[in-house]
Amino acid sequence: MTKFDYTKIEDIGLDEIQKCIDTTSKLAFDIGIENISKQYFYDILLFLAYQIKKIASYKKPTIIGVSGGQGSGKSTITTLVEHILNSYLSVRTIALSIDNFYFSKKKRMQMSKDIHPLCKTRGVPGTHDIVLLKEKINSLLNADLKTKTVIPIFSKIKDDYISDQSWKIYLGRPDIIILEGWCIGARAIEEQEWLPPLNSLEKNFDSDSTWGKWSNSILKNQYQEIFKMLKILIMIKEKSMRNIYKNRWVQEKTLKKLNKTAKTLTKSDVKQFVMHFERLTRHMFRIMPDYANIIINKDSNYNYYIV
């Protein structure tokens, strides 16, 4: 297990460490995490922040990928590491979530008629606006001090974009771009590895794999153009698919706690939703540890370890 030696910190004075812990803990609380342990702060967050700082290029932005299944904690880790890099390590960092680059609800409804009914559900490769994502990444890569890059915001509650008048604006050029999402860095499933239906959703709605193979084809082509730009890939590794289902249900309950008026999914809905991702998630479990640069192991009690 990797332990961060905080006695050798140079960029953050020891007197600043407690302030960093306090502000990071507050940010975590604001996004639904009641507390973070010192082990998590030092061995995961600070360790990752320092590893990213080491490879930051101040001539051109460096792109980091963070991948993990639904509810694995990737968005939380990304948000907190982004905070540490920006506020304490003087590394200009912007986090982009692939969850903010879905096709609109209207577009997906049309896709459900033109391609396959399952296309109406956001999430799998093929339901993201990769052209828009590339446009924003290229804007950041080629930015100068005065460049304004408008970053879209997708509402999971509305299942659609919020008004573009409320989208975020990033000024200037970052040193680091962190691209996070459940399928970041994923590689397509080869034809000889394709299995029969894995769950009831596939069995009932995609028994001939029309939808699954369409999504896999998009992943094999359009998505790899983005993933080739990653300098390093960080993977949050789960022990089983059962943990993914559990994580996503915990995530839904947290959403309800943060927004009591929000319309959230039932446990049965969550299970049905996660089935859309099961095939590729299992594939990633099997092959991604062989090529990810940093692997964060997560247990069923939400403890994280870098080995």
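Q: In which helix does Arg282 lie?
A: Arg282 lies in helix H10; helices (H or I, at least four residues) and strands (E, at least two) are DSSP runs numbered from the N terminus. The model is predicted, so local features need pLDDT of at least 70 and side-chain atom pairs count only at pLDDT 80 or more, whereas totals for chains, interfaces and linings use all residues. Residues are numbered from 1 along each chain as its sequence is written, and side-chain values use heavy atoms, with hydrogens and water left out.

Q: Is Arg282 buried, partly exposed or exposed?
A: The classes rest on relative accessible area: buried is under 20%, exposed is over 50%, and partly exposed is in between (1.4 Å probe, protein chains only). Arg282 has a relative accessible area of 38% and is therefore partly exposed.

Q: Is Arg279 buried or exposed?
A: Arg279, which is also found in helix H10 (residues 278-287), has a relative accessible area of 9% and is therefore buried. Beyond its neighbours within four places in sequence, Arg279 is in contact with Ile189, Trp194, Leu195, Pro196, Pro197, Leu198 and Glu202.

Q: How many cavities of 30 Å³ or more does a search of the whole structure find?
A: Rolling a probe the size of a water molecule over the atoms shows where empty space is left. On a 1 Å grid over the protein atoms alone, a cavity is a set of points where a 1.4 Å probe fits but cannot get out; a pocket is an open set with protein on both sides within 12 Å along at least five of seven lines; lining residues have an atom within 4 Å of a point. Grid points are joined across faces, edges and corners, and a volume is the space filled by probe spheres set on the points. The search finds three cavities of 30 Å³ or more.

Q: Which residues are closest to the centre of the largest cavity?
A: The largest cavity has a volume of about 170 Å³. Of its 17 lining residues, the closest to the centre are Gly212, Ser215, His276, Arg279 and Leu280. H7 gives the most to this lining, with five residues.

Q: Which element gives the most to the lining of the second largest cavity?
A: H10 gives the most, with three residues. This cavity has a volume of about 70 Å³, and its lining includes Thr281, Met284 and Phe285.

Q: What is the volume of the second largest pocket?
A: The second largest pocket has a volume of about 190 Å³. Helix H7 (210-227) and strand E8 (232-237) each give two or more residues to its lining.

Q: At what angle do H2 and H3 pack?
A: Two packed helices are described by the angle between their axes and the distance between the axes. Axes are lines fitted to C-alpha atoms, for helices over the stretch in contact, and angles run from 0 to 180 degrees between N-to-C directions. Helix H2 (residues 38-55) and helix H3 (residues 74-88) pack at about 60 degrees, with their axes 9 Å apart. Residues of this contact include Phe41 and Leu45 of H2 and Leu80 and Ile84 of H3.

Definitions and conventions: Contact means heavy atoms within 4.5 Å.
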